[in-house]
Amino acid sequence: MAKKKKHRVISLRTSHSVIYIPVTLLLGLFFLAFLTSRLYLPDDTPLLETPLHEYQQLDNSEYAIESWVYNPRDNRMEVAISISEESDAIAPDIAYRVAEKTQVGSNTTNTLKIKEVFKDARNIILRIEDIPKKWTAVSVTLTYKDETLTNNKFDPEAIKRNENSVDESEETATELKLYCDYRTVKTDNSLKDKSANDYSKMVAKRNLDFQKTLLQELAQYMKLEEKKQKQLARDIEVLKEDMTYKVESEKADIQSLIESKLDQIETSKETISEYLQQKKMIQEKEKKLQEQMQQMGDSE
């Protein structure tokens with residue numbers, strides 16, 4: 001009897017161990033997954049980036065990021081900025097400061113190196129070096145050299161101020177912060193230094209592509225206007241046929257509607273005429289850019 005009782009005690013202990021060990025391991029796995037979730041779950045923090053090709057106000061000029069490329073192999077970035085043709089200034093003297101988000105907590109700012117590697121009348125290209133391996137967001141602050149940079153730290157709120165830089169009192173921004181987020185930045189391991197001629201080519205090609213895009217858009221707009229005119233002409237023919245069966249008071253209303261549609265056709269023709277003038281100007285720019293690129297190619 002004693003042996004049987006002892007055997008039962010051992011079985012009870014063994015059954016408890018079988019339950020506790022898996023539960024403990026499962027809890028441990030859950031805890032480990034929680035601690036490492038940042039490694040594999042998507043980052044849900046708000047994006048800190050300035051949209052490409054959208055002009056931002058700085059004093060009486062407007063600047064847009066044309067491209068922002070990151071080379072993770074060499075820990076460097078290249079930022080191409082264009083100046084709006086409507087801006088008063090043409091490639092003014094600008095001071096640049098750069099900050100990285102994760103450095104703010106350690107009170108280290110402006111540790112990244114930034115250099116203006118190219119500038120012409122309407123384009124600026126900057127190079128940023130010493131990017132931390134685990135960077136999250138980078139900001140570049142632009143200000144005119146006769147202004148004082150009062151804030152060199154990473155400032156996410158500045159992106160909102162830039163978007164609303166011209167308020168009802170028509171105050172102008174004295175500094176402009178441009179942002180780049182690690183989740184959306186374009187990466188290129190082959191990004192490297194270029195010569196002044198290569199940068200000029202890059203800018204000329206980008207401008208040439210832009211002119212071609214404008215021509216395509218104009219062609220679409222003109223097709224829409226032509227389609228609109230044809231539809232208005234058909235509407236007029238239907239209205240004229242309908243007038244045959246109307247009384248005089250109704251005919252007057254229909255005639256008024258016909259005249260309105262005729263006015264719309266004339267307005268559409270004027271719009272197409274303006275598009276054709278724009279097309280001619282764009283084609284002239286396109287030709288000059290092609291000649292410029294050809295000359296740069298011959299100079300090599």
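A contact means heavy atoms within 4.5 Å.

**View 1. Overall fold of the predicted model.** In this predicted model, local features need pLDDT of at least 70 and side-chain atom pairs count only at pLDDT 80 or more, whereas totals for chains, interfaces and linings use all residues. Residues are numbered from 1 along each chain as its sequence is written, and side-chain values use heavy atoms, with hydrogens and water left out. Among contacts in the protein with a separation of 6 or more, 73% join residues 24 or more positions apart. The protein has five helices and nine strands, which are DSSP runs numbered from the N terminus (helices: H or I, at least four residues; strands: E, at least two). Their order from the N terminus is α-α-β-β-β-β-β-β-β-α-β-β-α-α.

**View 2. Surface and interior of the protein.** Of the 300 residues, 33% count as buried (buried: under 20% relative accessible area; exposed: over 50%; partly exposed: in between; 1.4 Å probe, protein chains only).

**View 3. Asn 75 in the loop between β2 and β3.** The loop that holds Asn 75 lies between β2 (61-71) and β3 (76-83). Asn 75 is not a glycine, yet its phi is positive, at about 55°. With 15% relative accessibility, Asn 75 counts as buried.

**View 4. Asp 130 in the loop between β6 and β7.** Asp 130 is found between β6 (123-129) and β7 (137-144), in the loop. Although Asp 130 is not a glycine, it has a positive phi of about 60°. Its relative accessible area is 43%, so Asp 130 is partly exposed.
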